[in-house]
Amino acid sequence: MNKPKVYIDGKEGTTGLQIYDRLAAREDIELLLIEESKRKDVEERKKMMHQADLVFLCLPDAAAKEAVSLMEYSKTKVIDASTAHRTAPGWVYGFPELSKKQKSLIETAKRVANPGCHATGVIASVYPLVSMGILPQNYPLTVFSLTGYSGGGKKMIAQYEAQEKDEELYAPRIYGLNLKHKHLPEIQNMCGLSSPPVFCPIVDDYKEGMATTILLHNASLNGHYTASELWKRLKEYYDGQPVVQVEEFGGETPMIAANQMAGKDGLKLIVCGHEEQTIVTALFDNLGKGASGAAVQNMNLMFGMEETRGLHL
């Protein structure tokens with residue numbers, strides 16, 4: 001059997017480079033590489049796309065839409081790492097752990113939208129609780145999400161890693177203050193929420209890792225649940241999943257470090273709280289399960305390969 005051919009459009013970006021790093025040593029695929037001098041040549045890119053069995057799009061939204069138009073009549077499979085198609089008709093959302101149906105859709109899809117990093121953390125916690133009928137769809141959800149600076153791309157990485165940097169870069173920085181973060185549409189759409197969460201993202205002076213936390217008042221849930229009971233339900237929901245796992249109940253956990261999963265492609269959920277209140281924290285790498293690791297996982301499924309092949313777990 002011929003090796004499937006894979007092309008990364010936008011390999012020079014942070015996500016593209018991380019995908020390349022995960023695929024370069026694999027012997028079960030063939031990576032198509034464009035000449036450096038032609039990487040912005042539309043006709044050469046189009047040629048590569050039509051030669052490939054699967055294309056990763058690691059581009060800004062507008063460029064990703066343009067790239068898809070270049071493959072309009074092609075049989076090439078596509079995984080888009082941008083925001084452009086995450087709620088678009090005809091695209092499958094690339095989060096296989098959500099349900100058996102979602103995984104099956106990815107396995108047979110031609111077009112897959114890779115989840116956003118913050119969205120991955122929120123949806124990992126919220127989707128199961130909504131699907132099990134525990135979290136009301138009209139719940140006034142509040143979320144805060146800590147992220148390392150590598151998720152901000154090359155420009156932000158350079159700012160944080162400069163020998164002399166602004167004093168404010170040594171402290172956590174709250175952003176998305178208009179409360180209209182670009183990941184909110186996919187969160188609301190995938191979880192079936194009647195309104196988007198109040199969402200507060202925070203970037204800090206460490207390179208990799210995310211800690212995305214939802215905050216719940218147990219009395220407002222559908223049924224009588226303590227934090228430990230919610231932990232049990234989530235533990236059962238993700239039982240047997242190789243990439244997403246639920247840690248032991250964290251009721252007495254003193255602290256959670258946001259960079260715990262740096263360099264890994266998995267995601268861990270930690271549930272803490274008591275009888276009346278619960279927090280669920282998703283720990284993962286913003287460039288792992290939050291971007292490039294998830295993209296490779298989706299590629300494996302679309303090619304009928306072992307789901308975790310090439311992942312750092």
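Which ring does the charged end of Lys11 sit over? That would be Tyr20, with the charged end 4.6 Å from the ring centre; "over" asks for NZ of Lys or CZ of Arg within 6 Å of the centre and within 35 degrees of the ring normal. Keep in mind that this is a predicted model, where local features need pLDDT of at least 70, side-chain atom pairs count only at pLDDT 80 or more, and totals for chains, interfaces and linings use all residues. Residues are numbered from 1 along each chain as its sequence is written, and side-chain values use heavy atoms, leaving out hydrogens and water.

**Rings**
- Lys165 also lies over a ring face, that of Tyr170, at 4.5 Å from the ring centre.
- A search of the whole structure turns up three aromatic pairs (Phe, Tyr or six-membered Trp ring centres within 6.5 Å).
- One of them is Tyr149 with Tyr160, 4.7 Å centre to centre and 5° between the planes, which makes it stacked (under 30 degrees; over 60 is edge-to-face, the rest tilted).
- Both Tyr149 and Tyr160 are buried, meaning under 20% relative accessible area with a 1.4 Å probe, protein chains only.

- Beyond its neighbours within four places in sequence, Ile123 is in contact (heavy atoms within 4.5 Å) with residues including Tyr93, Phe95 and Met190.

Terms used: Buried < 20%, exposed > 50% of the residue type's maximum accessible area, 1.4 Å probe, protein only.
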